[in-house]
Amino acid sequence: MMKLYIYKTTCISPQQTFGENIDIETLRPSVDNKLYAIEPAYPQFKGNALRRMSKSTRIGSGAALPLLADAVQPNGIIIGTQVSGMEENGKFLNQIIEYNEDMLTPGSFVQGTPNTISSQIALISNNKNYNLTHVHRGLAFENAVIDAAMLLNENPDSRYLLGGVDEISFNNYTLDTLAGWFKKEDCLNSDMYRSTTDGSLSGEAAAMFMVGNDKQNAIAQLKAITTIHSADVDVIKARIKRFIEENLAEGEQPDLLLTGENGDKRSLPFYTSCDSLFDKHTTIARFKHMCGEYPTASSFALWLACNFVSGVLTMPQHMIKRKGEASSFKNILIYNTHKVGQHSCMLVRLPK
Amino acid sequence: MDRIVVTGIGVISAIGHSVAENHAALVLGKTGIIKGGGNFPSRYSGLLPFGEVLTGTEELKEKLGVTEPGVTRTSLLALHAFNEAIADARLTPNQLTATDTALVGATTVGGMCLTDELYANTHGDTEHIEYVKSYDYASVNLHIQTRYGITGVVNTLNTACSSSANAIMYGCRLIKNGLANRVIVGGADSLAKFTVNGFNALRILSDEACAPFDQNRKGLNLGEGAAFLVLEKQADAAGKKIYAVVSGYGNANDAYHPSSLSPEGDGPYLAMKYALDNACLSPTAIDFINAHGTGTENNDEVESRAMLCLFDTLPDFASTKGFTGHTLGAASAIEAVYSVLNIDRQELYPNLNFNVPITDIGLEPVLLNRAATITHVMSNSFGFGGNCTSLIFSKA
């Protein structure tokens, strides 16, 4: 069993998830098939520093700051992101071509490397501890979680800042659209699960977690995680089943299944086969109409799960796919797949 | 806990397509840094010196039997080194597909080596979209994973120039935490307009072959390449050649500046210190340091001061960047292979192009190939964002 407890979590997303007035009841609509993060004012960052930061660095370090307000520094900072800084890379790429490799300024190049988020957080909090950035596409956040779990096993009584961040950039939106991962026809997030075409809506967010191995003061426990690489529906179904059998008591079902269903007809069979594993006890809910599709979207789901399991937030109607009999959510299974080949399961439960 | 041992190594760089070729060049002091290699399209190709792998991308594809679309030069270099490492460790196809075999690779360029193609695709070219699925960093390891049917943990790291040191550290930790029994760890990067222009805009590219730790150093040369190492538990390696033990690693952040190291060198100092602590070694145990030594004004001075701060008597040290150039995400893995060779062959390789010690510091690196008794080697890597990692390899 993994001893990974979550004490605090924050999230800057396309919904009202950050600051004092969190409201996930009201669904904010997508614009041009994209769900853009609502950025706060960032009073902590000064003008020039803020202007130089990429969006992913802003939302990543902006979400991290409230978790760093405590006197105790985390023993490390671990970030999962596919290509944060792609907007900056895009700017630099354009400069290279348009100015024929001459008279370039390095700002975008430096800000474009994805470890900028973890290093920026280290810089603003003067944290010289462990610092690592995982970039393994749709499993970047999951690998960051595994890293944190290993660190807690190696260094009991430590605290780690763990996060998942990705941004919508012109470049990755265009490339992923060319590759068929985003819808070509107009589609609103409130309609995305009725869509029968290829592709999803594009999204972005930053979710941050302060984690440790002591259950005191924890709001949630991440009990287990697994990653799977396959494009075979039956393989995935069997692996999810095994994951549940290994991590829940015999005959026990999750109270809530939170899936990354995303309106892409190619990934739907994976989600429906996962749904079919559970009987009427389990409530099935979806989250990608809130945050959109992005490689580290499972971190947004983990933020939601922490808030549901601890009772801080109640499940809004717009998330529910099938209402179950469970009266409260003590066990939550998150299942997500990105671009069909990469899958993950996380089991979140009330600390006990 | 069993010791973690190196049972296979593979490398491709400007000084050779195999471990044997790299070793031969190291012994001879023969650099791979030249002007005018011409394998990547850039106005600086031919003007500035680079550590190029002098084999074209199509030729690499043919040699490796890669026929599917969308495979970038970075992936090809990675595959080349990966193949050599797994053959060297005699990993079987069953071992490669076993759930307890992990792959951890690093890259800082990934699919963005295709600067022109990406520009075209993002500006309306919808016909030539072979590479749109491989623009990211993960594409390199996903290619290897798919090719060999790897089912264990697969991960990609990017902490700029220390990326593959972190991949090696992460692989060791997967074994220690019971998440894998054998890991294939390393890194790859190819020369690209993207990085060449980035480092050029930062004004840290030298127009001559780089001269690490020399008072008159003018900056770094970029290079390309890849290296992978197979790490196993000692108990599982019976009957295999054991090159070295991975005995320690340390990861720290300098928390000072996005693209340069602090004058005090806190990050480098802490990474080296944590590696020693992790290996349960005192500084006096280290026989040789494969320094980061990029040849930039900032790095070499800061690294020198941090080494002097940690070591009362500084052991022999040298940078191999004068052979290969700075290969970014591949650098730590390539230098890990060289560190392993220091131990396996009981010899040291020269720091090229050194003439005058840095004023006020006065350190002189190893200048000639020579035999030496080597038990513990430290290998340093420091990256943008203050990401610093040191590794320690030891004689088995």
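Modeller: Let's begin with a definition: a helix here is a DSSP run of H or I with at least four residues, numbered from the N terminus. Just past one such run, H12(B), comes B:Gln346 with a positive phi of about 55°. Keep in mind that this is a predicted model.

Biologist: How do you know that H12(B) has the length a helix should have?

Modeller: Helix H12 of chain B covers residues 331-345, which is 15 residues. The expected span is 1.5 Å times one less than the number of residues. That gives 21 Å for H12(B), and its end C-alpha atoms are 21 Å apart, so the two agree.

Biologist: What makes you call H12(B) largely enclosed?

Modeller: A residue needs 20 or more other C-beta atoms within 10 Å of its own to count as buried. In H12(B), 14 of the 15 residues are buried, so the rest of the structure largely encloses this helix.

Biologist: Which residues of H7(B) meet H12(B)?

Modeller: From H7(B) you get B:Ser163, B:Ser164, B:Ala165, B:Ala167 and B:Ile168; on the H12(B) side they meet B:Ala331, B:Ser332, B:Ala333 and B:Ala336. By class, that contact has 6 nonpolar residues, 3 polar and no charged.

Biologist: And how do you describe the way two helices pack?

Modeller: You give the angle between their axes and the distance between the axes. For H7(B) and H12(B), the axes come within 5 Å and cross at roughly 65°.

Biologist: Where do the domains of chain B fall?

Modeller: Domain 1 takes 4-237 and domain 2 takes 248-394. Over C-alpha atoms, the centres of domain 1 and domain 2 of chain B are 21 Å apart. Their contact draws 62 residues from domain 1 of chain B and 53 residues from domain 2 of chain B.

Biologist: Which elements supply the domain 1 side of that contact in chain B?

Modeller: Those with at least two residues on that side are strand E1 (4-12), helix H1 (19-28), strand E3 (49-51), helix H7 (163-176), strand E6 (182-189) and strand E7 (225-233) of chain B. H7(B) gives the most to it, with 8 residues. By class, this side of domain 1 of chain B has 34 nonpolar, 24 polar and 4 charged residues.

Biologist: Why is B:Glu301 called buried?

Modeller: The cut-off is 20 or more other C-beta atoms within 10 Å. B:Glu301 has 20 C-beta neighbours inside 10 Å, so B:Glu301 counts as buried. B:Glu301 sits in helix H10 (residues 297-310) of chain B. Leaving aside neighbours within four places in sequence, B:Glu301 is in contact with B:Ile358 and B:Ile361.

Biologist: Over to chain A. What makes the word "globule" fit chain A?

Modeller: A compact globule with 352 residues would have a radius of gyration near 20 Å, and chain A has 19 Å, which agrees. The C-alpha trace of chain A spans about 65 × 50 × 35 Å along its principal axes, and 59% of the 352 residues count as buried. Chain A holds 11 helices and 13 strands.

Biologist: How are the domains of chain A assigned?

Modeller: Domain 1 is 4-212 and domain 2 is 223-349. Their centres, over C-alpha atoms, are 22 Å apart, and the contact takes 44 residues from domain 1 of chain A and 32 residues from domain 2 of chain A.

Biologist: Last one: how many residues does each chain put into the contact between chain B and chain A?

Modeller: Chain B puts in 49 residues and chain A 45 residues. Elements with at least two residues on the chain B side include helix H5 (115-122), helix H6 (138-148) and helix H9 (266-279) of chain B. By class, that side has 20 nonpolar, 23 polar and 6 charged residues.

Conventions
Residues are numbered from 1 along each chain as its sequence is written. Chains are lettered from A and ligands numbered from 1 in the order in which they are written. This is a predicted model: local features need pLDDT of at least 70, side-chain atom pairs count only at pLDDT 80 or more; totals for chains, interfaces and linings use all residues. Domain bounds come from an automatic or database domain assignment. Two residues are in contact if their C-beta atoms, placed from the backbone, lie within 7 Å. Ala, Val, Leu, Ile, Met, Phe, Trp, Tyr, Cys and Pro count as nonpolar, Asp, Glu, Lys and Arg as charged, and the others, Gly among them, as polar. The radius of gyration is taken over C-alpha atoms; the globule rule is 2.2 Å times the number of residues to the power 0.38. A residue is buried if 20 or more other C-beta atoms lie within 10 Å of its own, exposed if 12 or fewer, and partly exposed in between; C-beta atoms are placed from the backbone. Axes are lines fitted to C-alpha atoms, for helices over the stretch in contact, and angles run from 0 to 180 degrees between N-to-C directions.
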